Amino acid sequence: MVYYLIICRSLTYAQRTAQVLERVGIPGWVQRSPKLISKEGCGYCVRIPERRLTDALTVLRREGMSPKQVFLQTAEGEYSEVRS
Amino acid sequence: MIYLDSAATTLEKPGAVPRASAWAMTHLASPGRGGHAPGMRAAELMYQLREQAGRMFHVNDPEQVVLTSNATHGLNIAIRSLVGPGGTAVISGYEHNAVTRPLYAIPGVKVKEAAGPLFDPEGVYAAFEREVTSDVDAVICNHVSNVFGFIQPVGRIAQLCKERGVPLIVDASQSAGMLSVDMENWGAAFIAMPGHKGLYGPQGTGLLLCGGQVQPLLYGGTGSLSAQQEMPDFLPDRLEAGTHNVCGAAGLLEGMKFVARTGAGRIHRHERALAGRMMDALERCSGVTVFRGGDSQSGLCSMIVDGLDCEEAGEMLAKRGIAVRSGLHCAPLAHRTAGTVETGTIRFSFSAFNHPDQVDQAAAAVRELARTAKK
């Protein structure tokens, strides 16, 4: 499976992000950010299904929320940053 | 025992409070410290607590709700964030040592008292109008005096602070869970409150609602940005270094749900009715001075028995199975303002779980003390 990881500045921010997404039917799982992409140390992200990224970013923008970074997680477990 | 010291700590809690704390002890780990189930359950609980506080106190963003150890902890953070060495603060004449001692500890700080007469909201407001000038670093005011139950005109003081561009810190220790505490409407920089009084949580819990720039009081691990040595610049992490009191938070969440279900207004009316009953009974008793404030008084009753030391009176009542608080209540400034610093007072304070018959028994015991004191 391919996922997007929305990197958040804090656990609380990740929880709020997931809640905002769930309200519009986008499933989001709060999890630890992988060490490989979390250069500043421990952090949390919200994992969403591949097809929902555009909707998710639209909803978050509407709510005034800004993800720190977004990464694509491939089926092989590799990460690549998504730049807008 | 008849427990009438809820302004210090509510002793009887809703049953869900101790159950939740006990459950948390063995089922919840540290939020923000792992991705495993006990850690994530703890994180979920903390988020629910922040959301519940947001709903109750009109805070839009759960990140602005910080878990503290008590109101004193929150007030220290708030004061240290806004008032530096040589700074100026305006405080009401009814502040607790939780406000005056942190200010006293700041080198060169200038503290101006906006002291109005007891149970005179207009007089208090006029004093703030005189003292709050644009060069003041912070205004600090309790919503309700812990000694007399005097409800200060915080809404109007908040408006005054907005107009004059001065940050406001509200100590809601005696009002959270009873009166409307409204972060959004007041536009306060900070509101501090304990968890163990009107929110029916365990001791060792408190909340700080943050609307302004914050400076940490404690430095350490937060589970975020751990590769850097500066504290994170975002809330709540910036103010929540170290492992959280998750057991306390679990109990506090249940306490707050109880208040939300019951209704803060209903609890306030119940406590005011009990205080009114107590004061009616005591005013009929010769040799007793009751501090009564009508609509500007919350649900507690402060009094003096003529010719009897208040601490002795407290001891005598304790021997009769009635738990009250005597002395200066950690608020010598409030006593100075009201003219009771030499005598102190005996304070009866109530909770949602007290009954009129308990008030009647306490009043009868005070009548007996007053009779004895006269002899």
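Author: Helix H2 of chain B passes H8(B) in a left-handed crossing (the near helix is turned anticlockwise from the far one by less than a right angle; clockwise would be right-handed). The model is predicted: local features need pLDDT of at least 70 and side-chain atom pairs pLDDT 80 or more, while totals for chains, interfaces and linings use all residues. Residues are numbered from 1 along each chain as written, and chains are lettered from A and ligands numbered from 1 in the order written.

H2(B) covers residues 37-57 and H8(B) residues 246-262 (helices are DSSP runs of H or I, at least four residues, and strands runs of E, at least two, numbered from the N terminus). Their axes lie 10 Å apart, at an angle of about 35° (lines fitted to C-alpha atoms, for helices over the stretch in contact; angles run from 0 to 180 degrees between N-to-C directions).

On the H2(B) side, the residues in contact include B:Leu45, B:Leu49 and B:Met56; from H8(B) they include B:Leu253, B:Met256 and B:Lys257 (contact: C-beta atoms, placed from the backbone, within 7 Å). By class, this contact has 13 nonpolar, two polar and one charged residues (nonpolar: Ala, Val, Leu, Ile, Met, Phe, Trp, Tyr, Cys, Pro; charged: Asp, Glu, Lys, Arg; polar: the others, Gly among them).

Chain A holds an open sheet of five strands, ordered E2-E3-E1-E4-E5 with antiparallel pairing (at least two DSSP bridges between two strands). E2 (29-32) and E5 (79-81) of chain A each have a single partner strand, so one side of each lacks a neighbour in the sheet. The twist averages 35° from one strand to the next. Helix H1 (residues 11-23) of chain A packs on this sheet, touching E1, E2 and E3 of chain A.

Note on methods: Two residues are in contact if their C-beta atoms, placed from the backbone, lie within 7 Å.
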